[in-house]
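Dear colleague,

Please find the structure below, followed by a short account of what was found in it.

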Amino acid sequence: MDFDLSPRLFQQLFDGEAGSYYSWSSSEFPLLAEEKVGAGRLVLQPRGFALPHYSDSSKIGYVLQGSDGIVGMVLPNSSEEVVLRLKKGDVIPVPLGALSWWYNNGDHSEEVVIVFLGETSKAHIPGEFTYFILSGGQGIMGGFSTEFLSRAYKMNGKEANKLAKSQTGIMLIKLEPGISMPHPNMEIVENMVYNIDDALADVDVRGGGVFKALTAARFPFLEEAGLSVNSVKLEANAMYSPSYTADGTFQVFYVARGTGRVQVVGTGGKRVLDTKIQAGQLLAVPRFFVVAQIADSEGMEFVSILPGTSPAVEEFASKKSVWNALSPIVSQVALSVTPEFEEYFKSAMQNTTILIPPPN
């Protein structure tokens, strides 16, 4: 079955004075359902509060903007709430079934913006996150009858009705000034949050950009979500050279800044995508397909997720290229070139990484 691989912008699901939530619909973007991957984007205004909820998918939260974010989380099989501070560049895993709430603790005009990328193999709707909100107009508490709530919480009918109906907000609410939320636990934040902006680069190429790979080996809490993260910042006109996943998993890219071009080559050597890509768009690449991007004159930044805690990504045009691993005679025969050209071809890759500066 052929899928339209064109990058997509998000769709707004909720908007109010507390903030907004956006998603990518699997009905509009069928490849998400096929690859069982989902994405969402949360924007919190100052004092904006995302009501406590859990979802049917494990995911990674990546903070695109803001310095006063707070998240509270109760992990599965735990009775303890962990409260963490969030700032731009933070990566926070949200394991399947974890209960969480999110808050913009700022008093000024700065929004907290978080993009969520995750896998939806156990989701009710493949390719989408479904949220189960504890309270509010769409909350679980209001779904039960007064009789059941009275029995469960040992209350009379009036008290049970108050418990279920007092909060009328939906998804996001704005808290009144003066309300003091729980203070972050700074002692454990480094165990559950990783600032990828501050991390040392795995690849840093002058004129090319910066590549950072975040796996469970560097950040063990990623194991809870079963995902890995890559962050790429391309300089003007630089290239993220061709690569593919060799372990049968998908790649999903969210463009955080800038614009560029992307090409994807699939089965039969067919170029299945050749288009512009811009900030705010989501790109999903099917398993084993080869992808490459070139930034425009302003550069481009994107973050991607891969399933598993140690993904296998193969490169095509760097010193780690699969071509370099092949015997010279095999390359000669496969490409139908002379020994001299084969040597020239491979020598050109010896000092190249996955990030390639623009030609002089």
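In which loop is N77 found? N77 lies in the loop between β7 (69-74) and β8 (82-86), where strands are DSSP E runs of at least two residues and helices are H or I runs of at least four, numbered from the N terminus.

This is a predicted model, in which local features need pLDDT of at least 70 and side-chain atom pairs count only at pLDDT 80 or more, while totals for chains, interfaces and linings use all residues. Residues are numbered from 1 along each chain as its sequence is written, and side-chain values use heavy atoms, with hydrogens and water left out.

Backbone. Most residues other than glycine have a negative phi. N77, however, has a positive phi near 65 degrees, and K36 has a positive phi near 55 degrees. K36 sits in the loop between α1 (30-35) and β4 (37-44). N77 counts as exposed because its relative accessibility is 87%, and K36 as partly exposed at 37% (buried is under 20% relative accessible area, exposed over 50%, partly exposed in between; 1.4 Å probe, protein chains only).

Helices. The axes of α3 (residues 146-153) and α4 (residues 157-165) are 9 Å apart, at an angle of about 100 degrees (axes are lines fitted to C-alpha atoms over the stretch in contact; angles run from 0 to 180 degrees between N-to-C directions). The two helices, α3 and α4, are therefore roughly perpendicular, a class that covers 65 to 115 degrees. Helix α3 also holds F148, which counts as exposed at 52% relative accessibility.

Terms used: Parallel < 35°, antiparallel > 145°, perpendicular 65-115°, else oblique.
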